[in-house]
Amino acid sequence: MRRNPLNTATLITVTGLVTGAVGLLVQKVAGVDMPPVPPGLVILLVVAALIVVTRWRWVLVLAVLGGLAEMPGAVGGALDADTFGEIAGAAVRTGGAAVAVVAGTAALVTAFRTRGRETEPAAR
């Protein structure tokens, strides 16, 4: 279990990943042709779970890459959308992926800037 709570950028990253997954589900329910279990859905949810459960800061790289991988499909889904459900799902998916990329990058920078500060004793 994680001892330190997640910082704000990391929480926003997880929210973006889950929002992207919800957008994928909305598109699937709206009738977009995709596999029974979309790979993007699995990737987004597994990365979000890894961020919450582990203390490994490199998993934030996976969050950024997962968000970037979803962007072409999300934007393409928005351009090919015919119904309101498809448009709404694509918008939610795109927004979630974009938030995951931006917040994931910020969380990654923060994680590596504070890397040595956690173990170093206070110098006085």
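Ala107 is buried in this predicted model: its relative accessible area is 0%, and it therefore falls under the 20% limit used for that class. The residue belongs to helix α4, which covers residues 84-113. Leaving aside residues up to four places away in sequence, Ala107 touches Ala9, Thr10, Thr13 and Leu60. One of these, Ala9, lies 98 residues from Ala107 along the chain, yet the C-alpha atoms of the two are separated by 4.9 Å.

Helix α1 spans residues 8-30 and helix α3 spans residues 59-79. Two packed helices are described by the angle between their axes and the distance between the axes. For α1 and α3, the axes come within 11 Å and cross at roughly 30 degrees, and the crossing is left-handed.

By residue type, the contact of α1 with α3 divides into four nonpolar, four polar and one charged.

The average pLDDT of the protein is 87, and 89% of the residues score at least 70. Over residues 119-124, in contrast, pLDDT stays under 50. For that stretch the model has zero contacts beyond four places in sequence.

Technical notes
Residues numbered from 1 in each chain as written. Predicted model: local features only at pLDDT ≥ 70, side-chain atom pairs only at ≥ 80, totals over all residues. Heavy atoms only, no water. Axes fitted to C-alpha atoms, helices over the stretch in contact; angles between N-to-C directions. Helix = DSSP H or I, 4+ residues; strand = E, 2+ residues; numbered from the N terminus. Left-handed = near helix turned anticlockwise from the far one by under 90°. Nonpolar A, V, L, I, M, F, W, Y, C, P; charged D, E, K, R; others polar. pLDDT = per-residue confidence, 0-100. Contact = heavy atoms within 4.5 Å. Buried < 20%, exposed > 50% of the residue type's maximum accessible area, 1.4 Å probe, protein only.
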